[in-house]
Amino acid sequence: MISVNNLTKKIGSVNALNGLSFSAQNGKITGLLGPNGAGKTTCLRTVFGLLKADSGNTEIDGIDVAKDPMQAKQQLGLFPDPCGLYERLTPREYVEFFAQLSGMDIDGAKEATTDVLSKLKMEDIADRRCQGFSQGQHMKTALAQAIVHKPTNIILDEPTRGLDVMSTRILRDLLQMLKEQGHCVLFSSHVMQEVAALCDHVVVMAKGKVVAEGSPESLCERTGKQTLEEAFIELIGSDEGIAA
Ligand SMILES: Nc1ncnc2c1ncn2[C@@H]1O[C@H](COP(=O)(O)OP(=O)(O)OP(=O)(O)O)[C@@H](O)[C@H]1O
């Protein structure tokens, strides 16, 4: 479970986070939805401990990220940019390397890698070099890297940006699978369809704070709108910076 409590963060003259509070539960997919510049990336970077908030705190399974970053990160997987893979390595070598970086010994890393490659049904590509991989294969490898240390919580910043339809579907299926396995999945997006199709809980944010939250259905009901896109526009009072 991820708890974000009253975060503020000023970057230059901008209040990127402005008293942001919400939580993301285990066994659920939570979507952080907001227009360009709403503070989604700043929020996720703060959750992962890459940025320090000016005030407020973030807890991962009850562990304060600022006070005990190493312990908190053991329970957190960050989906990296799939374009940044080392092309000369095979997924097995790549994932094993990251497993060791997370503190496992060689045998533990080998075992955890075999587990995650099987969990993501990657046996057929496990021992091929990443060079020439399709987008979907890159993505699976990146996700395997993010979850090899068996974190309860996984965060993804606009994971489907730049992906084609097939790769988007693969990623959706993978996120559903993680949810069914009891993980807490938190991702940011400004793509309505994706959020409506995937999320159990949607946190709508604008100008660094939460405007509304609930299931896609409850947000539609609350605003009296038929679609999440219409509800979103009603809630943030503008259609600037969103994607259909
Ligand atoms: N390094 C930085 N320098 C200056 N301003 C920044 C920096 N990082 C973030 N900001 C500002 O903070 C605000 C929040 O940015 P952030 O990237 O978190 O938004 P976002 O919701 O992820 O937007 P997008 O959907 O466009 O990716 C924006 O106004 C942005 O310009």
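Helix α9 is followed by Gly237, whose phi is positive, near 75°. Helices, like strands, are DSSP runs numbered from the N terminus (H or I over at least four residues for helices, E over at least two for strands). The model is a predicted one, in which local features need pLDDT of at least 70 and side-chain atom pairs count only at pLDDT 80 or more, while totals for chains, interfaces and linings use all residues. Residues are numbered from 1 along each chain as its sequence is written.

Helix α9 itself spans residues 228–236, and its buried residues are Leu228, Ala231, Phe232, Leu235 and Ile236. These five lie on the same side of α9, because they cover an arc of only 115° around the axis; the arc is that of the directions from the helix axis to the C-beta atoms. A residue is buried if 20 or more other C-beta atoms lie within 10 Å of its own, exposed if 12 or fewer, and partly exposed in between, with C-beta atoms placed from the backbone. An α-helix has 3.6 residues a turn, so residues three or four places apart point the same way. The cover over the buried residues of α9 includes β3 (28–33), α7 (192–198), β9 (201–206), β10 (209–214) and α8 (216–223). Contact here requires that the C-beta atoms of two residues, placed from the backbone, lie within 7 Å.

One of these covering elements, α8, has an axis that comes within 9 Å of that of α9 and crosses it at roughly 60°. This makes α8 oblique to α9, given that angles under 35 degrees count as roughly parallel, over 145 as roughly antiparallel, 65 to 115 as roughly perpendicular and the rest as oblique. Axes are lines fitted to C-alpha atoms, for helices over the stretch in contact, and angles run from 0 to 180 degrees between N-to-C directions. The crossing of α8 with α9 is left-handed: the near helix is turned anticlockwise from the far one by less than a right angle, whereas clockwise would be right-handed. Pro216, Leu219, Cys220 and Thr223 of α8 meet Leu228, Ala231, Glu234 and Leu235 of α9. By class, this contact of α8 with α9 comprises six nonpolar residues, one polar and one charged (Ala, Val, Leu, Ile, Met, Phe, Trp, Tyr, Cys and Pro count as nonpolar, Asp, Glu, Lys and Arg as charged, and the others, Gly among them, as polar).

Pro91, Tyr94, Val95 and Phe98 of α3 make the contact with Thr141, Ala144 and Gln145 of α5. Five nonpolar, two polar and no charged residues take part in the contact of α3 with α5.

Within α3, the buried residues are Pro91, Arg92, Tyr94, Val95, Glu96 and Ala99, and they pack against α4 (106–119) and α5. Just after α3, Gly103 takes a positive phi of about 110°. In α5 lies His138, which counts as buried because it has 20 C-beta neighbours inside 10 Å. His138 and Glu87 are 51 residues apart in sequence, yet their C-alpha atoms are 9.7 Å apart in space.

Positive phi also occurs at residues other than glycine. Lys150, with a phi of about 55°, lies in the loop between α5 and β7 (153–157). Lys150 is partly exposed, because 15 other C-beta atoms lie within 10 Å. Asp61, with a phi of about 50°, is found in the loop between β4 (55–60) and β5 (63–64). Asp61 is likewise partly exposed, with 17 other C-beta atoms within 10 Å.
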